[in-house]
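Biologist: Before we look at the model, could we go through it by asking what each word rests on?

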Amino acid sequence: MGRGYIVEALVEQYLVNLQTVHASCISGILIGQCSSQRDYVVLAAQTPQKDCGAVRGCSLGDLDADWVTEHGRQVSRMLPGGLSVLGVFLITSPDLSKEAQNTLRKLVYAMEKLISMGRLWNLTEEDVSERVGLHICSKTKKAVCRTFDVRDPKSSARPADWKYQSGVSDSWPVLKCSVDLDLYFPLSETSSENLENSVKIGLQKWAKQMESSVCLINGKHSDSDAELLTGCLCRPPQMSSALGEQRSSAAAEACGGSLTLAGVLQCRAYLHSHKLKARQAIKRDIMNTLSSRTEMFFEDLLINEGDGKMASQQPLPQRVFAPLPGTSLSLCDYMFPDEGAAEVGERFKEMLDFDIPEEQIDMTQEVITGKFLCVRKSPTVYASYS
Amino acid sequence: MVASDRSAIILRARGSLELRCLLDGTDGSHVQKAVSRAFERVRARVTSQALVFRVRDSPMFIWPNKGCQVTEGIAETTACKDLQQRLRSGEPDGGKRSSKKKDKRNGDTSVINIDLLMELTEPGREAGPTLTRREVRHHLAQMALPVDCVVTAGMDDGIGDAFSRLVGALCSQLTDMESAVLRHISGTSLLVPQPFHFHLPEPTGLVTLVYPTGVPDAQLESFRKEMHVRFALPEDRPYLRRANAYHFPGEPFKDGYLRNPHLALSHPALEDAKPFLVQGVYSYHHYMQDRMDDSGWGCAYRSLQTICSWFQQQGYTERVVPSHKEIQQALVDVGDKPSSFVGSRQWIGSIEVQAVLDQLLGITSRILFVSQGSELVNQGRELASHFQREGTPIMIGGGVLAHTILGVLWSETTGDIRFLILDPHYTGGEDLQLVTDKGWCGWKGMDFWDQRAYYNLCLPQRPRAI
């Protein structure tokens, strides 16, 4: 008995439309939510064209696996808590059906590896480790669905059920919270230029604290049946994650400088049922939104500033939300200071293959104070993290 | 406020607050300024709306600085006793354990344990995250402050009031910690300040002092002298050493040994007699403990261990209770035994006990010789006086057995006497019920002794020091 996939009817529509583009190999990703029994697929998005106007390749050999998985990685940044990239789909002609299975296997494992690389958290024993590889034959329209256990690359694929249903995400409650950040990253004397590394180390510590924090939902610690609305996080302000790691003294270490990160993160998680691991979902969203943004920030710094040098003060990209048509869900994106709704719209089109009118993009959730860069002369004294 | 009052309740808040000192320079004044500024920030956090109290073993969360916002149906005006009631009824064993033995020993003082948390979803600012870079070379010293403060509240006091006092206690403790850190800076190294609670004689009650980790008690004597004066404490016995710290009811002892099992007993009825008992705290050491099978030969060693545990827990020594081997080695070191003694199963007596107490702990002891067991009946005054003046457990050896005397019930008029005995020959586990029911710790009469054997008693003397 394999896994079951409950798929939004709109996804069926999308996949059918894709198939009408004849004689080509189409790849893409599937997005939704895992649960112990079955997964829910709410969105499918084809891999974006590499070059504008180029004709899509007809053979699987033309498929650029790196490009496909990179698409998956970038899309996973656009997913709020509870949603993740569930797997890959391939639409091919009948003669490639067998080869497609091998390709699907490669893509699924490679995608999972790439996406989990930048994460600040790890899958636990209780997490579902099966990812889906869906093959659709462009001639017979037959869909073959198999799952791969990403924890065991040597395991064989298992057959899975693929069923369409409308209104899959209709009554999914949403959990929201805003998280205050006040982080300090010391820069060592010798490598004070390697900002990204110092930030990575600091974020790992922060993530550990996040994982150990207490989450109250609607003010309650234990799970309740009430519809989820607000999440509230309380953290035991411990510096060392291991108890009993009590040092008897603190020696001053020399630093070449420091970075501070302060502000509020808007976080969100969707859950198909209130019984799901709401706390885990929102915590993961908190960690993801920060790691995604800092990654993007440094990627951007490298591209634009060349030498990777940062100005005295720069905001991280701002989180914006946009509704997924036909569902009650919103996806997100990150907007740099010099961007606007138009750029966000373009990205949604390119990455997720759907159009969103500019006015529907919600940029009000987070506020960046001023899009200018200001130079601070006096040492910035931030309240310590506790 | 008085902690042992039947109508009092202790609220204890514990947590770990991060202290981050940014030093612009490494000379004295820079360090001082940085430390003070860092503590200022911690105090600000503690008085902010982000502070959360979590009542241990319960689903209750309280925001003491937000008008005492709470979860789970309790309000600012809820009385402390009602809060305690809710906690008790929520206990997994239906509150069975909080009956009889514990309450009997602690006079109904109960503790509400609270953990300190900081809310992350209480934004202090509204803007999205911004990265700021500071290029100035500086030094960073960070540590986790082990905050632990208590307030005593009346049963009928509202919890809102009690919690805001707890916040006040947190702030004062931070100030005390700041003083301790500043007083013990060496260069750019900061010592972690550690709070200790002491239960001082009435009417003072519970008092909290902060000591720097790593500085031994011996070096803190002048500070203790000041405190002895401040709290009007006797000048000749320790009250404020780390070992004297108050043991909160309900907290398990990390080492697992039973403490003061005699407190679970009631005195036998003896006409016109008064009890003269050991003062303070000791641990019960007996056969088979610590995976050491000393059954048949180790009784005096165990009695000695009980005595050592007394000196350690009263703060006279920082030395842990010695093992059989260490005891034997000490006797070799003083020339009393040949080196082959170590690792053997040879008995020791009161003279050896006296020698080891001197060698390892620097404790002097008096030896009392009784030519026959029946003579012990005449030692009432001597023993009573010992317990009054010294209050230390006594090791008694004679015939083929060694025991520990924890007290006497003695009548000055009739001369009648009973002995409170702690028996090291017990081979079972640390079960208070069993130990007291079966008389392993119990009151004995003269018939307990071998009437014709001679006995030596080792009476350890309490040093006059703080």
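Modeller: Let us begin with contact, which means heavy atoms within 4.5 Å. By that rule, 11 residues of domain 1 of chain B are in contact with 12 residues of domain 2 of chain B. This is a predicted model, in which local features need pLDDT of at least 70, side-chain atom pairs count only at pLDDT 80 or more, and totals for chains, interfaces and linings use all residues. Residues are numbered from 1 along each chain as its sequence is written, chains are lettered from A and ligands numbered from 1 in the order in which they are written, and side-chain values use heavy atoms, leaving out hydrogens and water.

Biologist: What makes up domain 1 and domain 2 of chain B?

Modeller: The domain assignment, automatic or from a database, gives 8-122 + 139-244 for domain 1 and 261-460 for domain 2 of chain B.

Biologist: How much area do domain 1 and domain 2 of chain B bury between them?

Modeller: They bury about 940 Å², with 42% of it on carbon and sulfur atoms, where buried area is the accessible area (1.4 Å probe) that two parts lose on being put together, summed over both.

Biologist: Why is Asp148(B) counted as buried?

Modeller: Buried means under 20% relative accessible area, exposed over 50% and partly exposed in between (1.4 Å probe, protein chains only); Asp148(B) has 10% relative accessibility, and therefore counts as buried.

Biologist: Which residues is Asp148(B) in contact with, leaving aside its neighbours within four places in sequence?

Modeller: Among them are Arg12(B), Gln173(B) and His197(B).
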